[in-house]
Amino acid sequence: MMSADVFDSDAPLDELRVIIRRDGGDVEMVKLPWGLQPRERGGRPFTVVRSEGRTSPAYRCLVPASEFRHRSHGKHYSFSLADGDWFYFAGIWRPATLEWPEAYAILTTAANDDVEPYHDRQMAVLRRDQRMEWLDLAVPEQELLQPLPVGSFKVERLREPVAPPAFAF
């Protein structure tokens, strides 16, 4: 049975995560590191890619998640679907090169009305019934990669970790 877990936008660039992608006529689940090779030598790897004005007819993937976490103005927030279901992020992956391993990045869209008070962009969320439309190119990208309607996300502020008390001797 497939499950999904929390996706933290502060995760390390090379964190391994299960993605789902096409392999010929089959669908496969593989673990890949987060972060694609920078364009310029010595540049910083990128983890998210703006979806507007771009097409991704090849190397599409899905990243399952139950919620995503994001830091805004020094506070941490959790965003999950209001109906409690899990979802996918629309992503792209790239084959390995001599300098970089096979890896993935997540596409972004304008934030929906639930996320916008915390950030103007968000990772592109697809509901579970849209997964094959993304992988199979069955629906134009601009129709799939839209912010969800207002009220789609439950937003919670996470408790900040409390440092243990220091003892003086």
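Which residue lies over the face of W134? R60 does, at 3.9 Å from the ring centre.

The model is predicted: local features need pLDDT of at least 70, side-chain atom pairs count only at pLDDT 80 or more, and totals for chains, interfaces and linings use all residues. Residues are numbered from 1 along each chain as its sequence is written, and side-chain values use heavy atoms, with hydrogens and water left out.

**View 1. Charges over tryptophan rings.** R60 sits over W134, and R21 lies over the face of W93 at 4.2 Å from the ring centre. The rule asks for NZ of Lys or CZ of Arg within 6 Å of the ring centre and within 35 degrees of the ring normal.

**View 2. Surroundings of F68.** F68 is buried, with a relative accessible area of 4% (buried: under 20%, 1.4 Å probe, protein chains only). Leaving aside residues up to four places away in sequence, F68 touches F7, Y77, S78, F79, F87, F89, V115, M123, V125 and F153 (contact: heavy atoms within 4.5 Å).

**View 3. The pair F68 and F153.** The ring centres are 5.6 Å apart and the planes of F68 and F153 stand at 85°, so the pair is edge-to-face (centres of Phe, Tyr or six-membered Trp rings within 6.5 Å, planes over 60 degrees apart). The two residues are 85 apart in the chain, F68 in strand β6 (residues 67–72) and F153 in strand β12 (residues 153–157) (strands: DSSP runs of E, at least two residues, numbered from the N terminus). F153 counts as buried at 6% relative accessibility.

**View 4. The pair W86 and Y88.** Both W86 and Y88 are buried. Their ring centres lie 5.5 Å apart with planes at 70°, so this pair is edge-to-face.

Terms used: Phe/Tyr/Trp six-rings, centres within 6.5 Å; stacked < 30°, edge-to-face > 60°. Helix = DSSP H or I, 4+ residues; strand = E, 2+ residues; numbered from the N terminus. Buried < 20%, exposed > 50% of the residue type's maximum accessible area, 1.4 Å probe, protein only.
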